[in-house]
Amino acid sequence: MPKSHTRKKAVYTPPQKSQQVKVSPRWLAPVMVASWIIGILWIALFYIAPDLPGIVTLGNWNLLAGFVFIIFGVVLSTRWR
């Protein structure tokens, strides 16, 4: 009966996982929540009082500014652990 061939390469062993748990910076959660709130309030203020001095100059760009704050909060939320 023929003999089977032996393996020439070593068996793959995955690298050890680091034992240290990664922690989010302390500033991340407050900045994330604050950016969501600022974005929502900016959009709401644009619809409630569109004739305010700072709001009227931007016009419909206020929607973009509010969504930028909201998206910034979402991007920060991907880094939260």
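1. Basis of the note. The model is predicted, with local features needing pLDDT of at least 70 and side-chain atom pairs counting only at pLDDT 80 or more, whereas totals for chains, interfaces and linings use all residues. Residues are numbered from 1 along each chain as its sequence is written, and side-chain values use heavy atoms, with hydrogens and water left out.

2. Annotated segments. An unreviewed UniProt entry lists residues 27–49 and 61–80 under "transmembrane region"; such annotations may be inferred rather than shown by experiment. In the model, residues 27–49 are 91% helix and 0% strand, with the end C-alpha atoms 32 Å apart, while residues 61–80 are 85% helix and 0% strand, with the end C-alpha atoms 29 Å apart. Helices here are DSSP runs (H or I, at least four residues), as strands are runs of E of at least two, numbered from the N terminus.

3. Helix α1. The 21 residues of α1 reach 30 Å from first C-alpha to last, close to the 30 Å expected at 1.5 Å a residue, the expected span being 1.5 Å times one less than the number of residues. Its buried residues are L28, M32, S35, G39, I43 and F46 (buried means under 20% relative accessible area, exposed over 50%, partly exposed in between, with a 1.4 Å probe and protein chains only). They cover an arc of only 75 degrees around the axis, which puts them on the same side of α1; the arc is taken from the directions from the helix axis to the C-beta atoms. The face turned away from this buried side carries the exposed residues P30, I40, L41 and I48.

4. Helix α3. Spanning residues 61–77, α3 has 17 residues and reaches 25 Å between its first and last C-alpha, close to the 24 Å expected at 1.5 Å a residue. Buried in α3 are N62, A65, G66, G73 and L76. Seen down the axis, these buried residues fall within an arc of 100 degrees, so they line one face of α3, and W61 and I71 are exposed on the other side.

5. Nonpolar patch. V33, W36, I37, L41 and V74 form a nonpolar patch on the surface, with about 420 Å² of accessible area together. Helix α1 gives the most to this patch, with four residues. W36, found in α1, counts as partly exposed at 30% relative accessibility.

6. A29 lies in α1 and is partly exposed, with a relative accessible area of 28%. A29 and R81 are 52 residues apart in sequence, and their C-alpha atoms are 9.8 Å apart in space.

Definitions and conventions. Patches are made of residues with over 30% relative accessible area and no salt bridge: like charges are joined within 9 Å, nonpolar side chains (Val, Leu, Ile, Met, Phe, Trp, Tyr) within 5 Å. Accessible areas come from the Shrake-Rupley method with a 1.4 Å probe; for residues, only the protein chains shown count as cover. A salt bridge is a side-chain nitrogen of Lys or Arg within 4 Å of a carboxyl oxygen of Asp or Glu.
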